Amino acid sequence: MAAAEAGECGFRLGKFRLMHDELFHPPKELDDDALFGKAKRIGLDPTRFRACMEGEARPRIRRDMANAQELQISGTPTFLFGSLDADGRLKVVRRESGAMPTRAFAAILDA
């Protein structure tokens with residue numbers, strides 16, 4: 001949850017890609033001290049980052065988690081294949097989880 005919040009806070013403060021990359025260097029250092037250190041390294045305002053980490057980002061993360069659960073997504077990456085209904089909603093006909101080679105995507109899309 002803390003890593004997701006840090007990513008969202010990085011996005012809100014205009015440095016998502018930098019925060020994303022920091023979260024993987026090293027990937028297991030995700031305690032508060034490490035996350036604040038990562039934010040500092042990429043130049044995020046510490047006061048704004050702290051405010052965001054203290055609850056501003058949490059509703060968005062929870063909403064995303066609820067949406068994923070509704071779509072039966074339990075991991076990343078997950079790919080949803082289907083067609084758009086008249087109202088613009090995706091009618092899912094196939095769900096794939098995990099990394100896939102390009103040929104597998106092509107076969108699914110061709111079908």
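The model is a predicted one, in which local features need pLDDT of at least 70 and side-chain atom pairs count only at pLDDT 80 or more, whereas totals for chains, interfaces and linings use all residues. Residues are numbered from 1 along each chain as its sequence is written, and side-chain values use heavy atoms, with hydrogens and water left out.

Glu8 is placed in helix H1, residues 2–12. Is Glu8 buried or exposed? With a relative accessible area of 11%, Glu8 is buried (under 20% relative accessible area, 1.4 Å probe, protein chains only).

I turn now to the chain as a whole. The protein chain holds six helices and two strands, taken as DSSP runs: H or I of at least four residues for helices, E of at least two for strands, numbered from the N terminus. Along the sequence, their pattern is α-α-α-α-α-β-β-α.

As for dimensions, the radius of gyration of the protein chain is 17 Å, while a compact globule of 111 residues would have one near 13 Å; the radius is taken over C-alpha atoms, and the globule rule is 2.2 Å times the number of residues to the power 0.38. Along the principal axes, the C-alpha atoms fill a box of roughly 50 × 30 × 20 Å. Of the 111 residues, 23% count as buried.

Finally, among contacts in the protein chain with a separation of 6 or more, 40% come from residues 24 or more positions apart.

Conventions:
Buried means under 20% relative accessible area, exposed over 50%, partly exposed in between (1.4 Å probe, protein chains only). Contact means heavy atoms within 4.5 Å.
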